[in-house]
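Student: Walk me through this one, please. I want the loops, the sheet and the ligand sites.

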Amino acid sequence: MQRKSARRDLVLELLEEHGGSAPGTASQIEAETGVPEADVHGVATFYSLLRSPGERTRVCQGLSCKVAGADAVVADLRAKGETVELVSCLGQCDCAPVGLDPSLELISWGETGRVTPDDPALPMNLGGADDASYAALSRAKAIGGEATIAEVKAAGLQGRGGAGFPAHFKWSAVRGQAEQTRYVVVNADEGEPGTFKDREVMLRRPHRMLEGMAIAAFATGAQTCFIYIRGEFVDCIRSVEQAIEAADEHLADLDIRLVSGHGAYICGEETALLEAIEGRRGMPRLKPPYPTDSGLWGKPTLMNNVETLACVPAIVQHGGAAFAALGRAEPGSKLYCVSGHVQKPGVYELPLGVTLDELVEAAGGYVGTPLAFSPGGASSGILPLSFRDTPLDFKSLAAVGSMLGSAGVVVLNDSVDLARVALWNLVFFEDESCGQCTPCRVGCRLQRQAVQRYIEGGDPAALSHAGDVAWEMEEGSICGLGQVASWPLTTAMKHFPEAFGERR
Ligand SMILES: Cc1cc2nc3c(=O)[nH]c(=O)nc-3n(C[C@H](O)[C@H](O)[C@H](O)COP(=O)(O)O)c2cc1C
Ligand code: SF4
């Protein structure tokens, strides 16, 4: 039984300190925290960076790395006798194929290298240079919380984490709570395959994010801010730590806690992230209640994505209307990630609602003959090139059965086998499902097995139940992962029936 005084919030930190799920660790942590050994073991085995202690090279299995030759890299490393772990997308698609050394430092075997916002040729500035004056925070304090939220509303700022939910609703909801203990959480868990924009913000414009966070805390009346950064982003963690130190005089009235993730895509889902901060397995909670009413330790919590918050200083300084005018059918500028078969993979800041061709033009053009694209990470499925004129915004992509999501655009040319693309994405969802809903846990496995059987045997009958399984998953899963995990398969089958025909 857990002791009344148990320090559950220390469990993940101690697991990291003591070497993950190594023998003896769980009982030692029970002694130190009062959290039962079995419970500690359950937490340790949930997170990939804690699960299997020991030195290894982690090689990314994300779509962009796969098309750039990750399999050959793995074969080569294994032939040299190295221990290799195959891991989910590492958010480094612009220098694919990539891996991490045992200290989680990046290794790139790619030829393209990073195109960064420091490149003078790029039409992007992430809301301006990384101004460390915190003048926008001063302005927010001068005009007050209500007026600050009114600017965010006038900007039409939609959450950049995936759902596109209007930011001002959540800000007002937390501000209006009777409970005085409130939290702001920055979601920097960026794990959607094909997505690496928050990484760039943290590396090149960390003060923009921190200032947006401080403005959010001021406007909602929060005293404590958590910044949850995925553990594989060691350079981002360093960059944000340095920026917090450098901005000490502006952030002194806030209690800022930087939390490093431990390797679990599902912790990007807002309630799973809250569970992780509280020291548990990252399993999404049932909603309602929403975090704005009952979030961290049951208190009102505002959670926003890194990019959402990084937009805020410019909104406060130049007015919401100026930000809104940067977009097309939807307001604002947008950080688009583009990788796969394009000349210069990278992050490009463009008006919200550009088309695929405009984005790819910014990225130097297509490589080969383009066939398909995934507009918003693995979760958005696959679209054929006939959708190249569809605005890459929240409403237009939803209308064609896809989504903008995290704007992780992956371009594929006609050299790829779309059945294999579906398989790689299904492997990702199967690995990353938290397992608490049966339709998601079992459905992910069934879909992956079906495609595997089809690829191995060439008989389309292997896929005859894919539509029914997808329906069960969409209807019966409690979070977004299970609801969209079938899309890479079902959208590919819908738009490219010829890729799923008889192969014998
Ligand atoms: C499976 C899953 C993974 C997610 N991963 C992320 C993520 O890595 N980063 C993020 O900001 N939001 C992610 N989200 C969305 C969050 O749940 C939440 O909507 C977001 O952090 C809210 O911030 P925003 O309103 O600024 O977008 C994910 C959602 C789901 C269902
Ligand atoms: S849908 Fe999947 S990932 Fe989401 S809570 Fe259910 S089992 Fe977990």
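**Loops, sheet and ligand shells**

Student: Where does P288 lie?

Tutor: P288 is in the loop between α14 (270-277) and β8. Helices (H or I, at least four residues) and strands (E, at least two) are DSSP runs, numbered from the N terminus. The peptide bond from K287 to P288 is cis, with omega near -10 degrees.

Student: What kind of model is this?

Tutor: A predicted model, where local features need pLDDT of at least 70 and side-chain atom pairs count only at pLDDT 80 or more, while totals for chains, interfaces and linings use all residues. Residues are numbered from 1 along each chain as its sequence is written, with chains lettered from A and ligands numbered from 1 in the order in which they are written.

Student: Is W297 buried or exposed?

Tutor: W297 counts as exposed, with 12 C-beta neighbours inside 10 Å. The cut-offs: buried is 20 or more other C-beta atoms within 10 Å, exposed is 12 or fewer, partly exposed is in between, with C-beta atoms placed from the backbone.

Student: And A407? Buried or exposed?

Tutor: A407 is buried, with 31 other C-beta atoms within 10 Å. A407 has a positive phi of about 60 degrees and is not a glycine. Look for A407 in the loop between α18 (394-399) and β13.

Student: β13 is in a sheet, then. What's the strand order?

Tutor: β10-β9-β13-β11-β12, an open sheet of five strands with mixed pairing. Strands pair if DSSP finds at least two bridges between them. β10 (346-351) and β12 (383-384) are at the edges with a single partner strand each, so one side of each has no neighbour in the sheet.

Student: How do β11 and β13 run?

Tutor: Antiparallel, with four bridges joining β11 (residues 370-374) to β13 (residues 408-413). A372 sits opposite L412 in β13.

Student: New topic. Which residues are closest to ligand 1?

Tutor: G159, G161, G268, N305 and G480 are the closest of the 22 residues that surround ligand 1. A residue counts as near if its C-beta atom, placed from the backbone, lies within 6 Å. β8 (301-305) and α22 each give two or more residues to this shell. The largest share, three residues, comes from β8.

Student: Where does ligand 1 lie relative to the domains?

Tutor: Domain 3 (135-324) and domain 5 (418-500) both give residues to the shell around ligand 1, so ligand 1 lies between them. The domain bounds come from an automatic or database assignment.

Student: Now ligand 2. How many residues surround it?

Tutor: 14 residues surround ligand 2, and the closest are C434, C437, C440, C479 and G482. α20 (438-457) and α22 (480-484) each supply at least two residues of that shell.

Student: How enclosed is α15?

Tutor: Largely enclosed by the rest of the structure, because 12 of the 13 residues of α15 (residues 306-318) are buried. Among them are V306, E307 and Q317. G319 follows α15 and has a positive phi, near 95 degrees.
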